[in-house]
Amino acid sequence: MARARKDKDKEKSSEVLQYYRALYGAWGAQHWWPAETRFEVIVGAYLTQNTAWTNVELALAKLRAAHVLSAEGIREVSLVRLQRLIRSSGYFRQKATRLKTFVAFLDKKYGGSLDHLFAQPTDKLREELLNLNGIGPETADSILLYAGNHPVFVVDAYTRRILDRHGILPEKTNYEEIRELFQRVLAPIAEQQEAVPANTVARLESGFREPNFRGAAHPPSAMSTAARTALVQVYNEMHGLIVGVGKNYCGKSQPKCDQCPLQPFLPAVK
């Protein structure tokens with residue numbers, strides 16, 4: 001029994017590794033998460049809960065235009081005005097309150113400094129974030145990975161759907177079990193790579209071509225081209241690639257399996 005389970009776990013790990021190689025080979029770097037500052041990533045992580053990213057982009061644009069897309073801005077803006085600015089993201093009353101809660105936490109615990117916040121050990125900071133109202137594992141890990149460059153893998157609904165349809169893990173599998181699987185599989189890839197230096201302005205502005213179904217790719221941004229460890233970069237890319245599969249092919253009701261780079265790995269066609 002134990003041997004059979006070990007063999008099954010090894011098979012799952014092998015498939016996930018093949019998915020990374022297939023998707024990265026097909027689409028390359030995704031430049032996900034698109035944002036100019038760490039705080040913008042944090043706000044986006046809150047706003048993207050239960051809504052499409054296009055709705056989040058509208059809300060972020062309004063916050064930016066109102067000059068409140070910063071810890072100071074969220075701190076000073078009235079709750080009512082904040083609700084109005086992020087209305088497009090849905091559940092705007094809850095999300096506005098939660099953003100205020102995060103800034104209050106940042107001020108009280110870390111003197112308003114993101115540098116001090118993200119200098120904390122990953123496990124300690126993750127626990128603190130999870131204790132905040134409105135932050136679940138996916139939001140906490142998005143903040144840690146994309147804003148703080150902490151080595152944690154983000155598990156979202158797309159990840160669950162893909163694993164379920166490919167017969168790797170049921171969609172209702174515990175979040176931590178899925179996260180552990182991806183981190184175990186992806187860590188050896190990172191060991192073979194070097195840390196990623198910050199890109200120069202010239203590199204940031206060049207090399208991007210608007211694709212057709214190139215995953216979840218965005219033009220390079222200040223955050224997507226920031227310096228990070230190889231492990232953080234691999235987690236970053238894998239999540240972005242999965243978002244690309246979910247957005248373009250693995251739809252909830254109308255999947256486009258025949259066009260997806262992961263189609264060869266479906267159980268029915270093995």
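This is a predicted model: local features need pLDDT of at least 70, side-chain atom pairs count only at pLDDT 80 or more; totals for chains, interfaces and linings use all residues.
## Starting at Y24

Let us begin with a single side chain: Y24 is partly exposed, with a relative accessible area of 36%. Y20 and Y24 form a stacked aromatic pair, with 5.9 Å from centre to centre and 15° between the planes. The pair is called stacked because planes under 30 degrees apart fall in that class.

## A second pair, in helix α6

Another aromatic pair joins F102 and F105, and this one is tilted: the centres are 6.1 Å apart and the planes make an angle of 50°. F102 and F105 lie three residues apart in helix α6 (residues 92-110), so they too are separated by about one helical turn. Are these two residues buried or exposed? Both F102 and F105 are buried.

Across the whole structure, a search finds 13 aromatic pairs.

## The chain as a whole

Now for the overall picture. The protein chain has 13 helices and zero strands, so reading along its sequence gives α-α-α-α-α-α-α-α-α-α-α-α-α under the DSSP-based assignment.

How much of the protein chain counts as buried? Of its 270 residues, 51% do. The protein chain exposes about 13600 Å², and carbon and sulfur atoms supply 51% of that area. As for contacts in the protein chain with a separation of 6 or more, residues 24 or more positions apart account for 67% of them.

## Confidence in the model

What is the mean pLDDT of the protein chain? The value is 90, and 89% of the residues reach 70 or more. One stretch to view with this in mind is residues 199-213, where the pLDDT is below 50. Beyond near neighbours in sequence, residues 199-213 have 14 contacts in the model.

Terms used: Residues are numbered from 1 along each chain as its sequence is written. Side-chain values use heavy atoms; hydrogens and water are left out. Helices (H or I, at least four residues) and strands (E, at least two) are DSSP runs, numbered from the N terminus. Buried means under 20% relative accessible area, exposed over 50%, partly exposed in between (1.4 Å probe, protein chains only). Contact means heavy atoms within 4.5 Å. Accessible areas come from the Shrake-Rupley method with a 1.4 Å probe; for residues, only the protein chains shown count as cover. pLDDT is the predictor's confidence in each residue, from 0 to 100. Rings of Phe, Tyr and Trp (its six-membered ring) pair if their centres lie within 6.5 Å; planes under 30 degrees apart count as stacked, over 60 as edge-to-face and the rest as tilted.
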